[in-house]
Each structure stands twice: as C-alpha cells, then as structure tokens.
Amino acid sequence: QTEIEKNLQQRDEGKQYGWALTLMRLPKQQQIESIDQIYARYWSDYGANYLLTAVIGVNQIQERQELVRTALAQTLPQYAKSRVAAAWACLSLGLRDQTMLLDEIAQSSQWMPLKWSCHQVLQHLT
C-alpha cells in the first residue's frame, strides 16, 4: 500500500500508471481496501481520480461503482479525463442507470474525447 501511494503522489505519469497496474494485480479484497484508502486520501487529485476510476472499470469492481457515478458527474474541467474513464467504466460495469447523464454529456461536451466516448458507450450500453 505504501508503495502504491508513493507512486501515486509522483507527477511522473509512468509511475502513476505503474501504481495503477500494481493495484490491478492485487487480490480483489486488497484492491477494494486500497481503493477505499486512496479514495479517502486522494480523490480530489485529478490524476488519482482518473486512474482510480479507470482501475474500477477495467477490473469491473462492482463494489465501487458509486465512485464511477461520482466521477462521471464531476463537471470541473480538470476532471475531464476521469469522466472519460467513468464513461467506459459505465459500460464495463453495466451501469444503465447512467444513460441519461451519458447522453447529456455526449450532447453538451465541447471536449471531443469525452463526447466521443459517451457516444460510443451509449451505443453499446443501450
């Protein structure tokens, strides 16, 4: 856990992705515990927010789907990458309850990666 947090605090993206990979390889219960600890300490850090959201989606951690919903609803510009990860996590986790928000984002977003991701997810989710 200490090593994961140490690399999370780096501004070096390679190290940040390294901690995400380490987190993804942990046994499921350890992943959930680590996610909870990282959430409590670093959720407001947009880099940690993005990577944590991505890990939840890629590893299909249903137990933390509420964090995906929270990330998707975030509207501050610095969280745009988190919203992309959250859109794809909605597909991975089967969060059909988010289709209205995904559609709204797809229609209103000015940032093409987010707009495109929401359109793609909606096509596969509905």
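Helices here are DSSP runs of H or I with at least four residues, and strands are E runs of at least two, numbered from the N terminus. This is a predicted model, where local features need pLDDT of at least 70 and side-chain atom pairs count only at pLDDT 80 or more, while totals for chains, interfaces and linings use all residues. Residues are numbered from 1 along each chain as its sequence is written, and side-chain values use heavy atoms, with hydrogens and water left out.

**View 1. Asn59 in the loop between H4 and H5.** With a relative accessible area of 24%, Asn59 counts as partly exposed (buried is under 20%, exposed over 50%, partly exposed in between; 1.4 Å probe, protein chains only). Setting aside neighbours within four places in sequence, Asn59 is in contact with Met24 and Gln31 (heavy atoms within 4.5 Å). A polar atom of the Asn59 side chain sits 3.1 Å from the backbone oxygen of Met24.

**View 2. Gln60, with a positive phi.** Gln60 is in the loop between helix H4 (46-58) and helix H5 (65-73). Its phi is near 50°; most residues other than glycine have a negative phi. Gln60 is partly exposed, at 43% relative accessible area.

**View 3. Cys90 and Cys118, two buried cysteines.** Each has a relative accessible area of 0%.

Key:
Polar contact = N/O pair within 3.5 Å; in protein donor to acceptor, adjacent residues only side chain to side chain.
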